[in-house]
Amino acid sequence: MKVTKAQAQANRAHIVETASTLFRERGYDGVGIADLMAFAGFTHGGFYKHFESKADLMAQAATCGFAQTAAKAEGVDAMAFVHHYLSREHRDAPGDGCTMAALCADAARQPESIKTAFATGIENLLVTLGNQFDAPEEDDQGGDARARRIDLIAQAVGAIVLSRACPDDSPLADEILDVCRSAVLSRLSSTAPGSSDFPIS
């Protein structure tokens, strides 16, 4: 039976979403094409009907992950989001969490197409956060506001990366999250113009 164009597009989207989760959970080198396709419910041979290479899928999966992150952040109160982002729940579930925290280190060793997908995703996130957080009067001070967003994102992402590098039962894993959560929340409280609608991820 011939697959319709609409079904082929749906299958492709499903593979990308599956890959986005698996890559975040296992890293780029921890997922082979055969395993990925089987996990998505398709045969290995069908992969190249949808993608030029694994790197092509990796770039698309990164874009998908950033879009999922933006969707989760939409309309969420900043303080509540930071509490969740810098939590054991997020730390212990990389497959469902932030693409940056799960894969930035892996992306740094990948081809330019993957790095470009990350740069675009990070840039789009900075714009989204600016639209949600910055007061109108801060538009003229875009450099300072942008610098604060970069600083906060970097600290939040770095905290998750460091915590995950420690053993699951390590007191240090929790200490890193606690210290950085307090610092990020304190900074949000001191810089937010009358509100705290600034999701980190």
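This is a predicted model: local features need pLDDT of at least 70, side-chain atom pairs count only at pLDDT 80 or more; totals for chains, interfaces and linings use all residues.
Local features were taken at pLDDT of at least 70 and side-chain atom pairs at pLDDT 80 or more, while totals for chains, interfaces and linings use all residues. Residues are numbered from 1 along each chain as its sequence is written, and side-chain values use heavy atoms, with hydrogens and water left out.

Side chains of opposite charge can pair when their charged atoms come close. A salt bridge is counted here when a side-chain nitrogen of Lys or Arg lies within 4 Å of a carboxyl oxygen of Asp or Glu. The search of the whole structure gave 9 salt bridges. One of them joins Asp151 to Arg187, with 2.2 Å between the closest N and O atoms. Asp151 belongs to helix α9 (residues 142-165) and Arg187 to helix α10 (residues 171-191), so this pair ties together parts that are 36 residues apart in sequence. Helices are DSSP runs of H or I with at least four residues, strands are runs of E with at least two, and both are numbered from the N terminus.

Asp151 is partly exposed at 37%, and Arg187 is partly exposed at 28%. A salt bridge also links Arg91 and Asp92, whose closest N and O atoms are 2.8 Å apart. Here Arg91 is buried, with a relative accessibility of 3%, whereas Asp92 is partly exposed at 44%. Both residues belong to a network of salt bridges that links Arg88, Arg91, Asp92, Asp168 and Asp174. Between Arg26 and Glu25, the closest N and O atoms of the salt bridge are 3.7 Å apart. Arg26 is partly exposed at 42%, and Glu25 is partly exposed at 46%.

A pair of aromatic rings is described by the distance of the centres and the angle of the planes. Rings of Phe, Tyr and Trp (its six-membered ring) were paired if their centres lie within 6.5 Å, and planes under 30 degrees apart count as stacked, over 60 as edge-to-face and the rest as tilted. The whole structure contains 4 aromatic pairs. Among them, Phe47 and Tyr48 are edge-to-face, at 4.9 Å centre to centre with 80° between the planes. Phe47 is buried at 0% relative accessibility, while Tyr48 is exposed at 51%. Phe47 also pairs with Phe51 in a tilted arrangement, at 5.2 Å centre to centre and 40° between the planes. Phe51 is buried at 2%.

Key. Buried means under 20% relative accessible area, exposed over 50%, partly exposed in between (1.4 Å probe, protein chains only).
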